[in-house]
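Welcome! Take a moment to turn the model around on your screen before reading on.

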Amino acid sequence: MAPAGRPPVPNEIKRRRGTARPDRTPDVATVVALPMADGIPEPPADFGLEARRLWERIWQDGVTWISPKSDAEAAEQACRLADDVAIARDRYRATREPADGRMVATFHRELAAALGALGFDPASRTRLGVAEVTRVSKLEALRAQKQR
C-alpha cells in the first residue's frame with residue numbers, strides 16, 4: 001500500500017531549489033554499510049525473459065545500494081512481477097477483455113511499488129538516502145577528462 005500524503009521531494013530537487021536541510025540528512029556515523037554485490041548473482045532458473053532483464057538491471061544499476069544479503073528476495077519478487085506483467089499484457093492483447101486489462105494494471109502497479117521499495121525512483125532513493133542524480137557541468141567534465 002502506498003504511503004498517504006505527498007511523495008517526498010527528491011534530494012536533487014531540494015538542492016537545486018536551495019531548500020535542502022543539513023539537519024535532515026542521515027549522520028554518516030549511524031548508517032550501517034551493507035556489502036555490495038560482487039557482480040550479478042545467478043538468477044533463478046524459472047525466470048522468463050522480462051525477469052532476467054530486470055534482474056540484470058537491478059544488480060547493475062542498483063549495485064551501490066542493493067545488497068545480495070538483504071535485498072535478494074525483494075529483487076526476485078520484483079522480477080517475478082515483471083514476468084507476470086508481460087504474461088498479462090500478452091493475454092490482454094490477445095483477448096482485449098476488460099478484466100485482463102485490469103490485471104495488467106494491477107500487476108504493473110505492484111511492480112512499480114516493488115521497484116520503488118528497491119530504490120528505483122527518485123522519491124524512494126530519497127527515502128533510502130542513496131544515489132543522488134547530479135548534472136555534470138561542462139567545466140567539471142573537462143576537468144575529469146583532463147585528469148584521465
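What follows is a walk from the overall fold to the helices, the core and the charged side chains.

This is a predicted model, in which local features need pLDDT of at least 70 and side-chain atom pairs count only at pLDDT 80 or more, while totals for chains, interfaces and linings use all residues. Residues are numbered from 1 along each chain as its sequence is written, and side-chain values use heavy atoms, with hydrogens and water left out.

Let us begin with the whole chain. The protein chain has six helices and zero strands, where helices (H or I, at least four residues) and strands (E, at least two) are DSSP runs numbered from the N terminus. Of its 148 residues, 26% count as buried; buried means under 20% relative accessible area, exposed over 50%, and partly exposed in between (1.4 Å probe, protein chains only). Residues 24 or more positions apart make up 60% of the chain's contacts with a separation of 6 or more, a contact being heavy atoms within 4.5 Å.

Now find helix H2, residues 49-61. Which residues of H2 are buried? They are Ala-51, Leu-54, Trp-55, Ile-58 and Trp-59. These residues cover an arc of only 125° around the axis, so they sit on the same side of H2; the arc is that of the directions from the helix axis to the C-beta atoms. Their cover includes helix H3 (72-95) and helix H4 (98-117).

This leads us to the core. A nonpolar core is a set of buried Ala, Val, Leu, Ile, Met, Phe, Trp, Tyr and Cys residues joined through side-chain atoms within 4.5 Å. The largest one has 20 residues, and those with the most contacts inside it are Leu-54, Ile-58, Ala-78 and Leu-111. H2, H3 and H4 each supply at least two residues of this core, with the largest share, six residues, coming from H3. Leaving aside neighbours within four places in sequence, Leu-111 touches Leu-54, Ala-78, Leu-81, Ala-82 and Val-85.

Next come the charges. Side chains of opposite charge can pair when their charged atoms come close. A salt bridge is a side-chain nitrogen of Lys or Arg within 4 Å of a carboxyl oxygen of Asp or Glu, and by this rule the count comes to five. In helix H2, Glu-50 and Arg-53 lie three residues apart, about one turn of the helix, and their side chains meet in a salt bridge (3.1 Å, N to O). Another salt bridge joins Arg-91 to Asp-100, with the closest N and O atoms 3.0 Å apart. Arg-91 counts as exposed at 53% relative accessibility, whereas Asp-100 is buried at 11%.

Finally, visit Arg-96, in the loop between H3 and H4. Most residues other than glycine have a negative phi. Phi of Arg-96, however, is near 60°, a positive value.
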